[in-house]
Amino acid sequence: QVQLVESGGGLVQAGGSLRLSCAASERTSSTYAMGWFRQAPGKEREFVAAITKDRLVTYYTDSVRGRFTINVDNAKNTVYLQMNSLKLEDTAVYYCAVGPRPAKNGDQYYYWGQGTQVTVSS
């Protein structure tokens with residue numbers, strides 16, 4: 001079974017930056033995309049960004065577009081989320097996932113990381 005290990009979360013002041021990493025334990029031929037989701041306390045899981053493995057297609061939720069950048073390094077089986085200009089409302093547990101397409105619906109993904117906490121303070 002594929003395991004996704006996340007890292008890079010932490011505490012940062014508003015306006016600061018973090019880079020999240022998510023490394024997959026193995027390659028799967030049926031995986032064509034990787035994505036990031038987040039869940040804040042008391043809220044539903046929210047799509048953040050997704051990318052195809054060929055890097056030709058990316059999607060971002062409106063609230064992070066222009067601030068966050070998703071990328072994938074296929075040689076390392078790793079997806080990244082560079083988060084700049086962080087806001088208080090970005091505080092959440094962030095999850096990476098792999099699936100067949102860069103869907104905004106989390107149900108479309110096969111495997112999920114354990115989550116990493118991002119806390120933005122004022």
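Is F37 buried or exposed, and what is its relative accessible area? Select F37 to start: its relative accessible area is 2%, so F37 is buried. Here buried means under 20% relative accessible area, exposed means over 50%, and partly exposed lies in between, with a 1.4 Å probe and protein chains only.

Before moving on, please note that this is a predicted model, in which local features need pLDDT of at least 70, side-chain atom pairs count only at pLDDT 80 or more, and totals for chains, interfaces and linings use all residues. Residues are numbered from 1 along each chain as its sequence is written, and side-chain values use heavy atoms, with hydrogens and water left out.

**Stop 1**

A search of the whole structure finds 5 aromatic pairs. Rings of Phe, Tyr and Trp (its six-membered ring) pair if their centres lie within 6.5 Å; planes under 30 degrees apart are stacked, over 60 edge-to-face, and the rest tilted.

Strands are DSSP runs (E, at least two residues), numbered from the N terminus. F47 is buried, and so is F37.

Y109 sits in the loop between β9 (92-99) and β10 (111-112), 72 residues from F37. With 6% relative accessibility, Y109 counts as buried. Select W112 as well, and you have the cluster that ring pairs make of F37, F47, Y109 and W112.

**Stop 2: charges over rings**

Show R45 next, which lies over the face of F37 at 5.7 Å from the ring centre. For such a contact, NZ of Lys or CZ of Arg must be within 6 Å of the ring centre and within 35 degrees of the ring normal. Then go to Y59: the charged end of K104 sits over its ring, 4.0 Å from the centre.

**Stop 3: an open sheet**

Finally, colour β1, β3, β8 and β7, in that order: these 4 strands form an open sheet with antiparallel pairing. Two strands pair if DSSP finds at least two bridges between them. At the edges stand β1 (4-7) and β7 (68-73), each with a single partner strand, so one side of each has no neighbour in the sheet. Zoom in on β7 and strand β8 (residues 78-83), which run antiparallel and are joined by 6 bridges. To find one partner in β8, pick N71: its bridge partner is Y80.
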